[in-house]
Amino acid sequence: MSLRSPIGRVLGLGAAHEGVSHWWTQRVSAVALLGLGPWLLISLLVLGAHDYATVVQWAARPWNAVLLVLTVATLFYHSYLGVQVVVEDYVSHKGAKVAALLTLKFLHVVLAAIAIFAVLRVALGAAP
Amino acid sequence: MATHERPLSPHLQVYRWQYTMALSILHRITGVTLSVGALLLVYWLSAIAAGAAAYERAAAFFAHPLMRVLLVAFSFCFFYHFANGVRHLVWDLGIGLERRQARLSGRVAISVAVALTIAFWLVVSLRDAS
């Protein structure tokens with residue numbers, strides 16, 4: 001006999017109240033980074049010279065700019081999902097946990113925004 | 001509230017330390033390290049956007065010997081988290097969960113990570129030399 005209420009079973013959210021969404025998005029972002037991570041490393045490796053003109057020209061190319069934005073966004077999303085679990089596992093005091101999670105979330109969003117803005121600024125030719 | 005009367009899972013210390021446990025915690029450590037390392041990516045991209053002078057400063061910063069050591073460490077974290085991440089994704093498909101398979105794939109993950117780190121910096125140093 002299950003002690004779960006019918007509404008609980010239908011919603012399927014379990015004890016964490018958010019179902020499998022965290023687990024699943026962590027995997028989806030991981031799969032995306034399996035492609036994006038090596039793309040960035042290999043691109044920079046085959047670029048050869050890393051002087052300012054070469055790098056700007058590389059980053060401003062449409063596909064590179066799009067993939068850079070996607071890489072930054074996915075990376076920070078995946079990063080937050082990861083550090084969130086670490087905080088939830090090791091910080092037991094509820095107030096400290098909420099404070100840490102909020103701080104980390106703000107940091108991730110701000111850093112992602114700064115990086116994406118930088119890519120767009122180069123791609124749209126607004127860099128000095 | 002009688003929270004402490006609930007059954008508790010045993011403390012980690014009661015388990016005999018095993019190789020696969022070390023790999024598991026290493027996945028977490030490398031993940032957190034990479035989260036910090038992402039700051040460097042933000043700095044690098046911002047430097048490109050800020051113009052030639054800022055970019056030169058960033059390039060000098062990344063070329064510093066201490067920074068190079070740190071970059072080698074970050075690259076190992078990336079390759080390990082990558083290889084072991086694939087291992088986790090394969091587990092999520094329900095494959096390779098037997099003890100022997102899990103130990104073997106663990107050795108593969110760490111070997112791939114070390115090999116890729118060495119190969120990457122070999123290519124970088126060869127390119128810098130030419």
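1. A term to settle before we start: a nonpolar core here is a set of buried Ala, Val, Leu, Ile, Met, Phe, Trp, Tyr and Cys residues joined through C-beta atoms within 7 Å. Please also keep in mind that this is a predicted model.

2. With that in hand, the largest nonpolar core has 34 residues, and those touching the most other members are A:Ala115, A:Val119, A:Val122 and B:Ile48. At least two residues of this core come from each of α2, α4 and α5 of chain A and from each of α1 (19–50), α3 (65–92) and α4 (99–129) of chain B.

3. On the interface, 26 residues of chain A are in contact with 23 residues of chain B. On the chain A side, α2 (21–46), α3 (52–60), α4 (62–90) and α5 (94–123) each give two or more residues, and α5(A) gives the most, with 7 residues. This side of chain A divides into 19 nonpolar, 5 polar and 2 charged residues.

4. Do have a look at α5(A) against α1(B). Their axes lie 8 Å apart at an angle of about 30 degrees, which makes the two helices roughly parallel, because angles under 35 degrees count as such. The crossing of α5(A) past α1(B) is left-handed.

5. The residues making this helix contact include A:Leu111, A:Ile114 and A:Arg121 of α5(A), and B:Ala38, B:Ser46 and B:Ala49 of α1(B). By type, the contact divides into 12 nonpolar, 1 polar and 1 charged.

6. Which residues does A:Ala115 touch, not counting those up to four places away in sequence? They are A:Val72, B:Leu41, B:Val42 and B:Leu45.

Definitions and conventions
Residues numbered from 1 in each chain as written. Chains lettered and ligands numbered in written order. Predicted model: local features only at pLDDT ≥ 70, side-chain atom pairs only at ≥ 80, totals over all residues. Contact = placed C-beta atoms within 7 Å. Helix = DSSP H or I, 4+ residues; strand = E, 2+ residues; numbered from the N terminus. Nonpolar A, V, L, I, M, F, W, Y, C, P; charged D, E, K, R; others polar. Buried ≥ 20, exposed ≤ 12 C-beta atoms within 10 Å, placed from the backbone. Axes fitted to C-alpha atoms, helices over the stretch in contact; angles between N-to-C directions. Parallel < 35°, antiparallel > 145°, perpendicular 65-115°, else oblique. Left-handed = near helix turned anticlockwise from the far one by under 90°.
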